[in-house]
Amino acid sequence: MKASDFIALFLEKKEIKHVFELSGGMITHLLDSLNQKTKINIVTMHHEQSASFAADAYGRVTGLPGVALATSGPGATNLLTGIGNAYFDSSPCIFITGQVNRHEQKGDRPIRQLGFQETDIIAMAKPITKACFLINEPSDIPEIFKKAFKIATEGRPGPVLIDIPMDVQRADIKCSIDDIEERGNLMVSENNLEQLSKAIKFAKKPLILVGRGIRAGGSKKAFDAFLNQTQIPVISTLLGLDVVAHNEPLRVGFIGSYGNRWANIAFGESDLVIVLGSRLDIRQTGADTKFIEDRVIFHIDCEKGEINNRVKGCIPIYSDLTNFFNSFANYTKKNKLKFTLPKSWLSSINDLKIKWPDVKELSPVGINPNVLMHQLSAASKNAFAYTADVGSHQMWAAQSLQLESDQLFITSGGMGAMGFSLPGGIGASIANHNKPVVVIVGDGSMQLNIQELQTLSLIHI
C-alpha cells in the first residue's frame, strides 16, 4: 500500500470526517490520497494558521483529534501559533506537515538549508506539543500514527506533530490498520475520598472551581452527577464557562483578573475549594497566591505537574476526572453519605450578585458591552457554540454571556491568540454538521484572519 493511502485510510477509520489544510507541494500525495481513497472532507482554508485554529475547535467539539495539514517551510511554521493554542488549551489535534525528500535534507552538514523550503519544524514545535515525530522510515508510519492518536487524546489532551518527507509519503509499505489501545485510569485512593467527603460535610462556604478539564476529559455528565450530589456552588475559569448553564442555581460566575466581582469575592471568602480540571493560572489567582492558600484546597488533575505548582498546600488527587467522579460516587454510595449545603452561603452569594452586577462594571456613553452580551445571548438560543477572540470583547463575553446547558464557549485561553474566533467558528460549525456558531470578534482580531470570510463563501456554511 502507498504510504499516503494508508494515512488517509487510517484517519477515516478513526472516524475523522474533515481535515483542514492549505495546499502545498510537500503534501500533494496526502491530499490526493484523502480525496481518492476516503470520504473525508478536505476543507481548504486561506492561511495555515486558520487551518490550525479550525482543527483546534474541531477537536474541542468532537473529542476526536482535529487534523490540519501544511506543506514544508512557511506552511509548517504558520501552524505554530495554532499548535501552541491547542497545547495550552488541551485540544486534541494531529498536525501533519510535509517535508522535503530525504536526499534533500541537510542532515549533519554545517549549513542552514539544502532542500527548498527545508525547515526543522520538529525542533520548533517540540516545546508546544505532547509529541513530535519525524518519519524517515516508511515502515514506521503505522506505529507512529497509532501512537499519535493515543497521545493526543489520553490524559490531558493536546497536539501531536508528524513531519513526513515527500518520498516517504509515496513509498510502498506493508501494514494493517489497528485500533488505538484503550487508555487506563489513574486510581483514586480511599484516603483521598474520605478526606474530601469529610471536608465537604464540615465546610461552611465550599466552592467548586471548574476548568476546561471537564470538557476536555469528556466528563461533563459525570460532573453533573457530582454537582447534583454535593450541591456545592460553582465558579469557573475562562475555559470552564460552558460547564454549568447560566440558569443553574448553583452557578456563581467567572473568576479572575477580569472575572465577575461577586465570584471573586465568594472565592476569597470560601473555606473549601475543589479544583476540577483547572491549572490555577495567574489570571485566575493573581500573582500573590497567599490569600487563596489560606483555605482547604483539593486539586484534582490528570497532569501531576500542575498540582501545587503555583498555588501551594493543595491536597493532590492525581486522576482523570471521569475516574475521580466515578470513584467518589461509588465511595459515597457504599458509605451512605449525603451532603447538605448551608443555605446562608448560597444566599450570601446571591446578595453579592445583586450588589455587584456585571452591567454596572462600565458606564459608557452609548452601548454597554455587558448589556449587549445579555441581549446577544437572548437572540442566540439556536447557536450551539460561541467563539470569542482575544481582547476586551473576550472578557465582556466571559462576564455576561448567558450560556445554555448545551452551548459551548470556545476561545484562545493560554495562548491568547488574536485571530482565533473566525477560523475557530468555522471548525466548530463543521464539527457539528454546520450548526450555527456565534463568532464574537473585535476589529483588531478580525483583521488577522479576515481572509477566512472567503472560506465561508466557498464551503457554504
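Reply: The model is a predicted one.

Helix 9 itself covers residues 190-202, which is 13 residues. From its first C-alpha to its last it reaches 18 Å, close to the 18 Å expected at 1.5 Å a residue. Its buried residues are Asn192, Leu193, Leu196, Ser197, Ala199 and Ile200. Seen down the axis of helix 9, these buried residues fall within an arc of 165°, so they line one face of the helix.

Helix 1 (residues 3-13) is mostly covered, since eight of its eleven residues are buried. These are Ala3, Ser4, Asp5, Phe6, Ile7, Ala8, Phe10 and Leu11. After helix 1 comes Glu15, which has a positive phi, near 70°.

The partner to consider next is helix 7. Two packed helices are described by the angle between their axes and the distance between the axes. The axes of helix 1 and helix 7 (residues 141-153) come within 11 Å and cross at roughly 30°. Angles under 35 degrees count as roughly parallel, and helix 1 and helix 7 are therefore roughly parallel to each other. Their crossing is right-handed. On the side of helix 1, the residues that meet helix 7 are Ala3, Phe6, Ile7, Phe10 and Leu11. On the side of helix 7, they are Ile141, Pro142, Phe145, Lys146 and Phe149.

A second pair of helices is formed by helix 17 (residues 369-378) and helix 18 (residues 392-400), which pack at an angle of about 60° with their axes 9 Å apart. That angle makes helix 17 oblique to helix 18. The crossing of helix 17 and helix 18 is right-handed. Helix 17 contributes Pro369, Asn370, Met373, His374 and Ser377 to the contact, while helix 18 contributes His393, Trp396, Ala397, Gln399 and Ser400.

Two single residues complete the account. Gly75 lies in helix 4 (residues 74-77) and is buried, with a relative accessible area of 1%. Residues up to four places away in sequence aside, Gly75 touches Glu48 and Ala70. Its C-alpha atom is separated by 18 Å from that of Arg112, which is 37 residues apart from it along the chain.

Met26, by contrast, is found in a loop, the one between strand 1 (18-21) and helix 2 (28-37). Met26 is buried as well, with a relative accessible area of 17%; the cut-off for buried is under 20%. Apart from its neighbours within four places in sequence, Met26 is in contact with Thr71, Ser72, Gly98, Gln99, Val100, Met166 and Gln169. The C-alpha atoms of Met26 and Gly444 are separated by 33 Å, and the two residues are 418 residues apart along the chain.

Definitions and conventions: Residues numbered from 1 in each chain as written. Predicted model: local features only at pLDDT ≥ 70, side-chain atom pairs only at ≥ 80, totals over all residues. Heavy atoms only, no water. Helix = DSSP H or I, 4+ residues; strand = E, 2+ residues; numbered from the N terminus. Expected span 1.5 Å × (residues − 1). Buried < 20%, exposed > 50% of the residue type's maximum accessible area, 1.4 Å probe, protein only. Arc of directions from axis to C-beta. Axes fitted to C-alpha atoms, helices over the stretch in contact; angles between N-to-C directions. Parallel < 35°, antiparallel > 145°, perpendicular 65-115°, else oblique. Left-handed = near helix turned anticlockwise from the far one by under 90°. Contact = heavy atoms within 4.5 Å.
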